[in-house]
Amino acid sequence: MAIIEVTDLTKKYGGRPVVDGVSFHVDEGEIFGILGPNGAGKTTTVECVEGLRRPDAGHVRVLGADPHGPGAAELRQGIGVQLQRAELPDHITVREALGLYASFYRGPADPDELVTRWGLAEKRDSRYSTLSGGQKQRLFIALALVGNPRVAFLDELTTGLDPQARRATWRLVKDVRDAGVTVVLVSHFMDEVEELCDRVAILERGRITALDTPSGLIERAGGAQRLRFRPLAPLDDSLISGLPGVTGVSRTGGQVEVTGNGDFASEVTTALARNHILVSDLRLERAGLDEAYVTLTGSTLDTEDAK
Ligand SMILES: Nc1ncnc2c1ncn2[C@@H]1O[C@H](COP(=O)(O)OP(=O)(O)OP(=O)(O)O)[C@@H](O)[C@H]1O
């Protein structure tokens, strides 16, 4: 069942559409990702869905209600929002912040349980200004969940977290989903989207250019694969770069990496054998969402503002 429905959403600034006719739905219980470069319109899109910005055109329904319609106040009881650029007063403590946010909701979660779950128990009585970047990030996620929402919007979930903290956060977000909360995740991290999302919309210049499961996107991009090996004799790249299915050849130190589609791996190994080039450390890997993204969009995740 769709818990969010967005139809032809348009938002303009200075006459320029930064969200340009976007349509998608989010099913109850899924983690839905919105992926795209800086400036693509991701935050504007979700803030229109959350009711924080008013669309210029199109329709938005969240939990059956229009975020700017008569049911908006009731709707806010059912959603939790982690804002991308949020701040709190310097002197407020973790406990006070959670208590304040909990007071906005009829059936809030237990703040003590939340601080423990999000690794902030020792910081319960610390002031906001003394928290590290990662602790502030986790506090904002906890604040998004303090109302026991049915839908949580998480924007740039793990920005500023170290790799270990990112993985821990991913596990917790899966727990949130497993507890029945629908999650909308805005991100420009491919690994995060691939790990967490059931479906993902790629947003470029205000438009959705692809929408599928992460593996569906990889398939759509031709299911690109990567063959790595170390040649034990001199190898001229031109020997493999022209083979059927090969899309790229690169080197890192003594290692050769060949990307391609279809049966390219057996073409490469046959060519190597025919030329009597023995190799070591031969590995064939399926491409990830990052390679699929490049194939589908023709670009990496650089900023659109800079284009
Ligand atoms: N209030 C505003 N007034 C004018 N322009 C705006 C406003 N908000 C956003 N924009 C512009 O709209 C475009 C989309 O911005 P948005 O923040 O939605 O992108 P984003 O994909 O979320 O990027 P990021 O990953 O950097 O957050 C950008 O060019 C931005 O400068």
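**View 1. The hairpin of β8 and β9 in this predicted model.** In the hairpin formed by β8 and β9, two residues lie between the strands, and Arg205 takes a positive phi near 45 degrees. The model shown here and in the views that follow is a predicted one. Strands β8 and β9 pair in the antiparallel sense, and five bridges join them. One of the residue pairs to look for is Leu203 with Ile208, its bridge partner in β9.

**View 2. The pairing of β3 with β8.** Strand β8, which covers residues 199-204, also pairs with strand β3, residues 31-35, and here the sense is parallel, over four bridges. Within this pairing, Ile34 stands opposite Ala201 of β8.

**View 3. The open sheet as a whole.** Six strands make up an open sheet with mixed pairing, and their order across the sheet is β5-β6-β7-β3-β8-β9. The edge strands, each of which pairs on one side only, are β5 with residues 79-82 and β9 with residues 207-212. Direction ignored, neighbouring strands of this sheet are turned against each other by 15 degrees on average.

View 4. Strand β5 pairs in the parallel sense with β6, residues 151-155, over four bridges, and Ile79 stands opposite Val151 in β6. Across both β5 and β6 lies helix α5, formed by residues 133-145, which runs at about 165 degrees to β5.

**View 5. The contact of helices α3 and α5.** Helix α3, residues 94-102, and helix α5 have axes that come within 9 Å and cross at roughly 25 degrees. Because angles under 35 degrees count as roughly parallel, α3 is described as roughly parallel to α5. The crossing in which α3 passes α5 is right-handed. On the α3 side, the contact is made by Val94, Ala97, Leu98 and Tyr101, which meet Leu139, Ala142 and Leu143 of α5. The residues of this contact divide into seven nonpolar, no polar and no charged.

**View 6. The surroundings of the ligand.** Surrounding the ligand are 13 residues, of which the closest are Val18, Asn38, Lys42, Thr43 and Thr44. Helix α1, residues 42-50, contributes three residues to this shell, and that is the largest share. By residue class, the shell around the ligand divides into three nonpolar, eight polar and two charged residues.

Conventions:
Residues numbered from 1 in each chain as written. Predicted model: local features only at pLDDT ≥ 70, side-chain atom pairs only at ≥ 80, totals over all residues. Pairing = 2+ DSSP bridges. Axes fitted to C-alpha atoms, helices over the stretch in contact; angles between N-to-C directions. Contact = placed C-beta atoms within 7 Å. Near = placed C-beta within 6 Å. Nonpolar A, V, L, I, M, F, W, Y, C, P; charged D, E, K, R; others polar. Parallel < 35°, antiparallel > 145°, perpendicular 65-115°, else oblique. Left-handed = near helix turned anticlockwise from the far one by under 90°.
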